[in-house]
Amino acid sequence: MFISISTTGTAERPASDLGFLLHKHPDKVQRFSTSHGVAHVFYPETGTESCTAAMLLDIDPIALVRKGRGKGRGGSPDFALAQYVNDRPYAASSLLAVALRTVFRTAMKGDCEQRPGLAEQARPLRILLPAVPANGAGEEGGPAMVRRLFEPLGWQVEATAIPLDETFPEWGDSRYVRVELAAELRLADALQQLYVLLPVLDGAKHYWVAPDEVDKLLAAGEGWLGTHPELALITRRYLARRWSLTRTALERLELARLAEADDREAEEVDNAVDDSAEHASEATGAPAEAGTTTATSAATDAGEDPKPVSLGVRRREAILAALTEVGAARVLDLGCGQGELVEALLKDIRVTEVLGVDVSSRALTVAARKLRLDRMSERQAARVRLVQGALTYTDDRLKGYDAAVLSEVIEHLDLPRLPALEYAVFGAARPGAVVVTTPNVEYNVRWETLPAGHVRHSDHRFEWTRAEFLAWAERIAADYGYAVTVRPVGPLDEQVGAPTQLALFRRTSEATPTATAAATAPTVTTEGSAA
């Protein structure tokens, strides 16, 4: 099993710098033990204008059988003689990928202490792989697959199929390809891409794929995997078609993309599962000063102690009433969290389709488990979808719905980002109706456990007064062609109003507003804003 890495240079940037980048001296032949054999590193040529480093991986077939027993392709033979007759010692596969990581670990990290800054420089590279298995396994394999994987990364690809037998061309080509890659990029990036894509080409690994393989994939794919057009294929084949791991990897990549777009940390975005002080307060009902309502009048008539109705339940009831009022059958739950509203919508036979959207992959996982999506009947499952997405970006998946719900969502955005959500929902998606709920900051004085001046949730960026919310709702309605009514939700206090405020928008114009109106929308300032 063989690979060579070549580069060219000048007197100012000698090609022999490749030795510093690989941390292997050009004047020495070095041996390194790997889990399944010995890797030999040597330099066929070294000089100012050109330099080539090569690695020959000598696989021990006995170790391959013993250590791979029952694991992956090396230990799960497709036929009786596979333990004794196979391509593992000769064709570049996951064995070579693991050897690259073992022998060139420091180079893959992009570290070069002896020559600071050298590892960050892109340089012309040419990589030769004499025999690479390019197994389609239901997908187009061979040279076409090599090009699909490497060309989007900027490589010039020369991929030639190796015939089964040159003496008998009529037998056709084998699944093996001779590959030459040329590009100008950092050596660390090239090694990371090879580490991921060699097992992808082969479509198999010589070891059991455990959950930690997701971390390895995301680490090696940082900076390029998330934008690769063959992301799904790469993820699926790298993780040996373990669908649960593939789904986890894709969710984490999407979360990283959305977090980067918002210039936030992924942990900061994926926080919808955490319990909040507000939710804890809601679980016990409204504060005593505001009064509570009974669950049913029958309980009072029977002499039983009435159970307080939580604010969360009242909010969902108000939202469902508003959706019934506008006759919505196809509904978007934007910022669906753990799926409480989705669950309630599915109980209404008048609702034919629900699309739940949230940026948090953890919240979507909890929602799917709570809704028992994997156990739903085919008819019921056809009514609901949960997808990951950021509400501050336009999304064609959100178009064409009767109504959209933003329940306790807008206050989680920084105020400068709010116009982007306004346009994405009211300008681009343009559902027939939009229901928005948000806390009434005036009511916070009625929460006994909430310190003065604090917002109800640590992630709230602002909370509006009734006047501020009304002004915002009326501006949105005017800018985007909607009529709006604002209502209280929850126990009504004569002095501070209700704990939640709801706005019901009904579309009155079919014209699509321009993004300019949203981009220039004034920023609302409020004394209740969180820092």
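A residue counts as partly exposed when its relative accessible area falls between the buried limit, under 20%, and the exposed limit, over 50%. The legends below describe close-up views of a predicted model.

View 1. Histidine 23 has a relative accessible area of 32%, so it is partly exposed. Its phi is positive, near 60°, in a residue other than glycine.

View 2. With a relative accessible area of 13%, glutamate 408 is buried. Phi of glutamate 408 is near 55°, a positive value, and the residue is not glycine.

**View 3. Aspartate 348 and its contacts.** Aspartate 348 sits in the loop that links helix 15 (340–346) and strand 9 (353–358). Its relative accessibility is 17%, so aspartate 348 counts as buried. Apart from neighbours within four places in sequence, aspartate 348 is in contact with Thr324 and Arg383.

**View 4. Helix 9 and the residue alanine 240 that follows.** Helix 9 covers residues 231–238, and seven of its eight residues are buried, so the helix is largely enclosed by the rest of the structure. The buried residues are Leu231, Leu233, Ile234, Thr235, Arg236, Arg237 and Tyr238. Alanine 240 comes after helix 9 and has a positive phi, near 55°.

Conventions:
Residues are numbered from 1 along each chain as its sequence is written. This is a predicted model: local features need pLDDT of at least 70, side-chain atom pairs count only at pLDDT 80 or more; totals for chains, interfaces and linings use all residues. Side-chain values use heavy atoms; hydrogens and water are left out. Buried means under 20% relative accessible area, exposed over 50%, partly exposed in between (1.4 Å probe, protein chains only). Helices (H or I, at least four residues) and strands (E, at least two) are DSSP runs, numbered from the N terminus. Contact means heavy atoms within 4.5 Å.
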